[in-house]
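Open the model in your viewer and get ready to select residues. Each stop says what to pick and what is there.

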Amino acid sequence: MSRMPRPRVKRPALVAAAALLVLAGLTVAQTKALKPRVLQSTSPELRLKGFEDYRAMREASPFKDLKWQFVGPTNVSGRVTDVAVVAPKGKSYTIYVASASGGVWKTENEGTTWTPIFENMATASIGDIALAPSDQDILWVGTGENNIYRSSQAGVGLYKSVDGGKTWAHMGLADTNTISRIVVHPTDPDIVYVAAGGHEWTKNAERGVFKTTDGGKSWTKSLYVNDETGAYDLVMDPRASDTLYAAMWQRTRKKWNDPRNDASSAGSGVYKTTDGGATWTPVNSGLPEARWRGRIGLDLCRARPDTLYALVDNYEVSRPPTAEELADPYGIPSSGFIKGATVYRSDDAGAHWTQVSGLTPQQKTYLERHSGTYGWVFGQIRVDPNDPETSYIMGVPLSVSADGGRTYARVAGPGSDHHALWIDPANSSYLLKGFDQGVAVSYDKGKSWRYFQKELNVCQFFDVNFDMAAPFKVYGSMQDHGSFRGRIDLSRGRDRIPAVEFENAPGGEGSNHAVDPGNPDIVYSAGFYGTLSRTEYDKAGPYPGRPFSKTIQPVLYGNEPPLRGQWLAPFILSPHNPNILYHGLQYVFRSLDRGDTWERISPDLTTNDPATRGDIRYQTLFALSESPLKHGLVYAGTDDGRLWVTKDGGKAWAEITAGLAPGKWMSRVVASAYDLGTVYLTQNGKRDDDFTPYVWKSTDFGKTWASLAKGVPAGPVNVIREDPVNKDILYLGTDLGVFVTTDGAKTWTVLGGGLPTVYAHDLIVHPRDNIIVVATHGRGMWALDADKVNNKSARPRFRFED
């Protein structure tokens with residue numbers, strides 16, 4: 001195995017793209033023709049090739065007959081981004097649902113049963129779906145969630161099915177990464193318009209409105225503003241199919257900031273074409289100035305198409321935040337609270353717009369709060385197809401106005417953070433909505449709802465950990481839901497683990513967990529951005545029926561800089577003593593008494609650069625590991641690309657970043673349980689739109705590094721784990737699935753069969769029961785029998801068992 005030469009610098013050095021491509025498996029000869037640069041924005045061709053290589057590897061895997069088993073939760077769903085319904089209702093009961101990271105699902109019986117129909121594709125992230133009105137067996141899927149959460153995943157363009165989702169063909173636009181809307185011509189299914197948002201984290205040219213006239217064989221860029229402005233909504237006049245309106249939004253998410261407007265935000269606005277996209281004209285008269293226009297949602301009334309509504313995320317400042325609000329770690333905008341959700345109306349086909357919402361004090365307050373502080377994830381408005389005075393806007397609540405947009409009120413129902421709504425054009429009382437917790441249907445205009453909470457298993461886990469109870473429980477936190485735990489029941493056999501309902505657990509929706517190995521009733525959990533607590537289930541709390549819980553956050557002196565914690569701030573229990581905790585913020589903290597008191601044992605280990613500091617916590621620790629072989633040998637990795645080691649419990653730290661990919665997120669570091677000097681590391685380039693797999697090993701405490709990525713077809717890589725029985729077995733969780741090596745990373749293969757192509761965010765190997773559990777971001781948790789991998793049914797060693 002070859003080593004990359006170590007640059008003679010103490011700080012991270014720039015690494016040429018050619019060197020990184022060697023690490024990804026390309027030959028030296030292939031890389032010599034490339035211009036040296038820091039690798040970003042992986043080409044769509046390389047991503048699609050990586051998926052094809054993955055699919056071939058899965059078919060050839062010696063473990064393909066070893067099946068992953070879905071273990072739950074069976075009672076929690078996940079974020080739905082779009083819905084499509086076969087019309088007319090009554091003649092058909094077919095519904096399609098697009099999820100943020102769990103693919104596309106279909107029901108043919110109005111939701112009694114659901115089937116995943118897009119679960120083995122190059123991506124599970126869906127932005128929009130659309131049926132061809134003239135042939136509803138034709139279904140288009142636009143990949144790449146357009147809501148651009150920090151946890152959103154990139155797409156690879158468009159897919160098309162001509163048989164109701166039985167088979168699929170890739171139809172191009174692979175470098176768009178996010179697709180917001182697909183509009184199919186009412187009578188000619190070969191004419192399709194696509195609104196593409198473009199890359200989430202970097203600028204690129206493949207964004208705007210695209211058009212095909214040959215069913216997706218070729219595409220023309222119909223509307224383009226610049227490499228930072230994408231198309232986010234698109235609506236067609238039902239009277240004249242050559243007339244369309246497009247909403248454009250200028251945005252780029254930064255690692256330290258949400259996609260908020262700034263002084264350069266001039267590209268957002270509404271455009272109109274009357275010649276099928278050959279030419280476009282801005283139609284913004286009456287809307288806010290361009291610098292205040294955030295994401296815009298559009299719709300028109302089918303019964304009166306000259307009446308349009310626009311939901312504008314309005315960045316005009318309403319009031320500055322207070323000092324107390326700025327101290328809130330959840331991401332209060334430092335620039336101030338904005339007007340936010342603002343509805344404009346046009347009754348002359350877009351020639352003029354008038355603000356109709358928020359004109360009374362009560363309505364102004366209601367709408368300013370409608371999108372929370374994150375209006376960019378909504379931008380959806382629907383007009384009743386039969387009544388131009390009735391419109392629905394999506395935000396934290398779903399709200400309706402029956403008076404032309406002057407007054408909005410919450411539509412009671414399940415869930416929050418709404419992203420999709422379909423209104424039956426033949427019956428305005430039929431509503432189908434998608435939101436962060438799933439999908440629901442109403443037959444009485446929102447008075448009551450049928451919620452498919454248990455039918456769509458598309459929940460999004462960030463992490464997984466375990467306890468030593470019998471049967472053991474797994475813990476994890478879910479986007480939009482909070483923290484949960486569920487039992488792994490082996491009583492029926494290791495290949496017959498049942499899927500179960502999960503129950504609430506300590507922590508929030510972005511929380512790591514750790515459980516005392518000697519007492520499963522003691523659970524540690526992190527909250528938002530590094531807040532930490534200890535819950536003791538065997539001890540009564542002050543509230544009836546609730547266990548004792550204590551906040552155990554480190555405390556600073558008043559003159560010290562505020563703590564910075566990542567969304568999933570790392571903390572670990574020492575493998576030598578479960579009363580010892582390590583907690584990673586911008587510093588490493590250590591507690592010797594279960595978190596009751598803390599000492600800081602490191603300086604700021606991040607770049608600590610004021611130029612890359614914003615409303616999102618960044619320049620923080622994300623990975624921690626203490627050697628199971630030696631107390632005080634600790635590794636710490638940051639989200640801004642630095643890695644450190646201390647051999648003496650924090651008295652001295654050495655940076656060991658040289659030779660690694662510069663600036664890339666340290667997604668996991670693992671000190672080996674087999675060799676004192678060996679450490680494994682993964683890096684994740686997602687936030688540079690970089691999908692290279694970065695997997696590393698050092699045998700000298702990080703002084704030099706060797707890549708283990710050859711044979712891994714694509715990244716990003718989220719986690720690496722050692723096998724507890726065989727030192728040559730390693731497991732990887734990537735954005736395609738789970739990989740395994742049984743020969744010390746000389747070769748890799750796909751682990752197991754039956755696991756959808758899904759984002760494997762975290763995995764564990766239970767040290768007593770020898771069961772692997774993977775936490776996916778889009779399809780819940782799955783388990784696999786590790787006995788069939790490491791070929792040992794004997795009980796593995798575990799330090800805390802006695």
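Select Phe462, Phe528, Tyr529 and Trp567: together they form one aromatic cluster. Rings of Phe, Tyr and Trp (its six-membered ring) pair if their centres lie within 6.5 Å. This is a predicted model, where local features need pLDDT of at least 70, side-chain atom pairs count only at pLDDT 80 or more, and totals for chains, interfaces and linings use all residues. Residues are numbered from 1 along each chain as its sequence is written, and side-chain values use heavy atoms, with hydrogens and water left out.

The structure holds 19 aromatic pairs. Keep Tyr529 and Trp567 selected for one of them: 5.6 Å centre to centre, 70 degrees between the planes. That is edge-to-face (planes over 60 degrees apart; under 30 is stacked, the rest tilted). Tyr529 sits in the loop between strand 35 (522-526) and strand 36 (532-540). Trp567 is 38 residues away, in the loop between strand 37 (547-551) and strand 38 (571-574). Strands are DSSP runs of E, at least two residues; helices are runs of H or I, at least four; both are numbered from the N terminus.

Are these two buried or exposed? Tyr529 is buried at 5% relative accessibility, and Trp567 is buried at 11%. Buried means under 20% relative accessible area, exposed over 50%, partly exposed in between (1.4 Å probe, protein chains only).

Next, helix 3: select Pro44, Arg47, Gly50, Phe51, Tyr54, Met57 and Arg58, which are buried. Seen down the helix 3 axis, the buried residues fall within an arc of 145 degrees (directions from the axis to the C-beta atoms), so they line one face. Now pick Glu45, Glu59 and Ala60: they are exposed, on the face turned away from the buried side.
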